[in-house]
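Please have the sequence and the coordinates open while you read.

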Amino acid sequence: MSRATRWMNIFAVSLPFVGVLIAIVLLWNQAVTWFDIAMLVGLYLFSAFGVTIGYHRMLTHGAVQAKPWVKYLFVIAGSTAIEGPALIWAADHRKHHAHTDQEGDPHSPHVGGGEGLRGLWHAHVGWLWSTEIERGWPRKHTPDLLRDKGLVRISKAFPYIAIATLVVPFLAGWAYHGTLMGGLQTYIWAGLVKVFFIHHVTWSVNSICHFSGYRRFDVEDHSRNNPFLAILTLGESWHHNHHAFPRSASHGMRWYEVDLSALVIKAFVKVGLMSKPVYISRERQDAKRIGAQKAAPNAVAAD
Ligand SMILES: [Zn+2]
Ligand SMILES: [Zn+2]
């Protein structure tokens with residue numbers, strides 16, 4: 001990773017943290033309105049669905065197809081999470097799937113960052129400024145996406161989208177509250193605090209969901225399904241299911257594994273804006289269950 005990228009990442013991680021500290025003071029002084037909270041929640045959902053559906057399920061894994069304008073809208077929404085340009089994000093993530101929890105995984109709590117809490121820290125955020133890890137490389141990991149001119153354009157426009165992500169809440173707050181200080185207040189809540197939340201929720205999938213939770217399938221990694229993060233991550237914390245079947249449009253695979261991103265995909269498919277979602281049949285799931293491989297030969301013998 002270049003020094004410039006490293007420092008840019010440190011800045012992008014630290015600024016929202018400073019915003020949260022300011023927000024705590026504002027909260028103490030009751031400097032928050034329902035408008036600010038509504039903006040925070042609305043923009044959080046916009047950015048988060050952009051990441052889970054646009055960046056992750058659609059671009060990285062091809063779990064569902066969409067009309068070009070719908071795809072680009074989701075990718076622009078994902079860019080507002082300020083987690084980097086779509087093509088770099090997808091390249092990093094495909095590298096993670098190619099080397100999960102082994103040498104070459106850019107963000108595993110089990111390799112490259114030490115044991116226990118140190119490993120967790122590395123997988124959560126440390127990898128973003130480690131000079132030792134090798135990041136994903138679009139030419140190598142996402143050549144298919146590089147052929148999509150619209151995607152390349154959106155990826156290149158990432159710095160401008162990132163700036164707009166912070167300017168829009170300020171302008172909306174200024175218009176609503178009628179003062180510059182009001183604009184600043186909304187900027188803190190719906191700009192910086194929102195980015196802080198979405199950063200750490202996304203990174204929790206990289207760290208906690210390779211550390212704590214339950215397993216169902218016979219896959220050689222440390223991925224876990226974590227129920228506590230299911231709502232905030234909009235379904236991405238069924239991460240073990242996802243590693244078992246990366247192309248599935250739904251990461252939740254039982255009725256109790258709530259997956260809000262999968263529900264949104266279903267709604268978009270229903271109205272014809274998305275198509276060809278990939279779902280994994282119960283038979284395929286059962287064949288991959290822990291213990292299924294051992295049970296099969298016995299079953300044959302019994303016949
Ligand atoms: Zn993973
Ligand atoms: Zn994935």
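1. Ground rules. This is a predicted model, with local features needing pLDDT of at least 70, side-chain atom pairs counting only at pLDDT 80 or more, and totals for chains, interfaces and linings using all residues. Residues are numbered from 1 along each chain as its sequence is written, chains are lettered from A and ligands numbered from 1 in the order in which they are written, and side-chain values use heavy atoms, with hydrogens and water left out.

2. Zinc site. The zinc ion (ligand 2) is held through the NE2 atoms of His 56, His 61, His 93, His 97 and His 242, at 2.0 to 2.2 Å. Donors here are N, O and S atoms within 2.8 Å of the metal (3.2 Å for Na, K and Ca); water is not among the atoms, so sites may look incomplete. Along the sequence the donor spacing reads H-x4-H-x31-H-x3-H-x144-H. Distant parts of the chain are linked: His 56 sits in helix α2 (residues 34-60) and His 97 in helix α4 (residues 86-98), 41 residues apart. Both His 56 and His 97 are buried (under 20% relative accessible area, 1.4 Å probe, protein chains only). Helices are DSSP runs of H or I, at least four residues, numbered from the N terminus.

3. Helix α2. Have a look at Gly 50, where α2 has a kink of about 30 degrees (the angle between axes fitted to the seven residues ending there and the seven starting there). The helix is mostly covered, with 19 of its 27 residues buried. After α2 comes Gly 62, with a positive phi near 60 degrees.

4. Largest pocket. Its volume is about 1,100 Å³. A pocket is an open set of points on a 1 Å grid over the protein atoms alone, where a 1.4 Å probe fits, with protein on both sides within 12 Å along at least five of seven lines; lining residues have an atom within 4 Å of a point. The volume is the space filled by probe spheres set on the points. Of the 47 lining residues, Asn 9, Ile 82, Glu 83, Gly 84 and Phe 158 are closest to the centre. Helix α10 gives the largest share, nine residues. By class, the lining has 29 nonpolar, 14 polar and four charged residues; Gly counts as polar.

5. Second largest pocket. This one holds about 330 Å³. Its lining has three nonpolar, six polar and six charged residues, and helix α5 (residues 116-124) gives the most, three residues.

Definitions and conventions
Helices (H or I, at least four residues) and strands (E, at least two) are DSSP runs, numbered from the N terminus. Buried means under 20% relative accessible area, exposed over 50%, partly exposed in between (1.4 Å probe, protein chains only).
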